[in-house]
Amino acid sequence: MSDQLVAAPASVSAPPRTGKAAAGQVPVLWLALLSTPLAMGANAPVLILPDMARSLGVPTSTATWLVTVFAWAMTVGSPLWAGLIRQRGLRPALLAAVAAVVTGTAVVTTAPWLPLALAGRAVQAVGGAGLVAVAMNLAGSTRRMGVITAGFGILGASGPLLGSLLAGAASWRLSLTLSAVSLVAAPAVWRHTRRTPPAGTTFDATGAGLVVALASALVLIPTAPVAAALAALAVAVPLVLHTRRRPDGFVPAVLLRSPAFIGSALLACAFSTSYFSLLFSLPRLIAQRTPWSTGAIGTGQLVALLIGSALSWLLAAAAGRLGHRAVLTVLLTLGVLAPLTAAFVSWGPLLLLAATVAVFVSTGSNAVLSVRAAKDAPGHQRPSAIGLFVLCYQLGGALGPALAATLVLK
């Protein structure tokens, strides 16, 4: 365990190329600071899109691409970083991710036109996804993963408010720098990494391209269902065939044969889609069904999301004692109740409780299921397992808002 810096859970016997940090385990708060500002930066534009649109000289509907492109880049970036970590180790990945965040932030803060701003946001998001991949590979346990995912929920919930405050105090461009807060933790994490010799296998460019194409097609399903579904199917078939030809490639064949990985990834995508759908739908539903003011709705939802995110860490911390079956039962039960409550209840506090439950299930399952998803993967393939799992979770961040727009935000 002295080469590639991927901290395995205590129950996993890691083969050679899965090293741990040279100076011991990275303090989890540094890992949280390295990864979670990405969620804050992703949600920062939500309340200031009209201001951004006016500044860039485009309609507000067009400016929403600044959110969509960020979510897409996070989604496709996750497995690509997993491939880099698997081939080169965490130190090169950390350095490249930092460079991407710096470059993307510089472009976003100076871009005079929307296309250039979109390019900057995409580079920002790809870099942020790399920092997340590094942090999750160094977490190593459900409890420590829970700190990271709870941080995602908390900072994601506060992102719109912080973005609005920064825009009001200075400029909307400053709001788009929030994800760069991650850079503060990079030196501390760097000290716990060490150089990794090149992997014995070549990078599977074909597999990586097919995964990116599949994820891109899936993201478009809510807006162009038939065309996107056909495109996804057209990509999925050659991806499966390619995986059979190259079982140790970008998508390890062992993962496609692992019920733990398949089940965990599908559940993570479902829970994430449900949460992000409710995140965008509940303000409109509460406004329609109650006499609450806009300020009361915003404050109530923020408090609900913060509580749910904090509670998710308790679930992750207790997961080992409760057992996987009990935790899964809790997640499935609450995961079904949250959208049902939102669909049929008209009382404001209960609708906010649905938001609390949704973020609790989404962030809690991310911590618990990410560790389980990688349990059948050999040590040198754990980065790929985690990266592909994160891709499935991030898909919900792209599918959920589009689903909310289709069902509620008409």
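**Helix packing, a pocket and a cavity**

Student: In which hand does α14 pass α15 at their crossing?

Tutor: The crossing of α14 over α15 is described by its hand, which is right if the near helix is turned clockwise from the far one by less than a right angle and left if anticlockwise. Helices are DSSP runs (H or I, at least four residues), numbered from the N terminus. For α14 and α15 the crossing is right-handed.

Student: What kind of model is this?

Tutor: Residues are numbered from 1 along each chain as its sequence is written, and side-chain values use heavy atoms, with hydrogens and water left out. Local features need pLDDT of at least 70, side-chain atom pairs count only at pLDDT 80 or more, and totals for chains, interfaces and linings use all residues, since this is a predicted model.

Student: How is α14 oriented to α15?

Tutor: The axes of α14 and α15 (residues 294-322) come within 10 Å and cross at roughly 150°. That angle makes the pair roughly antiparallel. Angles run from 0 to 180 degrees between N-to-C directions of lines fitted to C-alpha atoms over the stretch in contact; under 35 degrees is roughly parallel, 65 to 115 roughly perpendicular, the rest oblique, and over 145 roughly antiparallel.

Student: Which orientation do α5 and α7 take to each other?

Tutor: Helix α5 (residues 65-88) packs on helix α7 (residues 114-139) at about 40°, with the axes 7 Å apart. The contact of α5 with α7 comprises 17 nonpolar, six polar and one charged residue. α5 passes α7 in a right-handed crossing. The two helices are therefore oblique.

Student: Is the crossing of α1 and α7 left-handed or right-handed?

Tutor: Helix α1 (residues 28-35) packs against α7 at about 160°, and their axes lie 8 Å apart. That makes α1 roughly antiparallel to α7. The crossing of α1 and α7 is left-handed.

Student: Which helix gives the largest share of the lining of the second largest pocket?

Tutor: This pocket (an open set of 1 Å grid points with protein on both sides within 12 Å along at least five of seven lines; lining residues have an atom within 4 Å of a point) is lined by 20 residues, with L214, L256, F261, L391 and C392 nearest its centre. Elements giving two or more residues to the lining include α11 (205-219), α12 (225-245) and α18 (382-407). The lining has 19 nonpolar residues, one polar and no charged. The largest share, five residues, comes from α14.

Student: What is the volume of the largest cavity?

Tutor: R86, Q87, D204, G249 and F250 are closest to the centre of the largest cavity, among its 12 lining residues. That lining has two nonpolar, six polar and four charged residues. The volume of the largest cavity is about 70 Å³.

Key. On a 1 Å grid over the protein atoms alone, a cavity is a set of points where a 1.4 Å probe fits but cannot get out, and a pocket is an open set with protein on both sides within 12 Å along at least five of seven lines; lining residues have an atom within 4 Å of a point. Ala, Val, Leu, Ile, Met, Phe, Trp, Tyr, Cys and Pro count as nonpolar, Asp, Glu, Lys and Arg as charged, and the others, Gly among them, as polar. Grid points are joined across faces, edges and corners, and a volume is the space filled by probe spheres set on the points.
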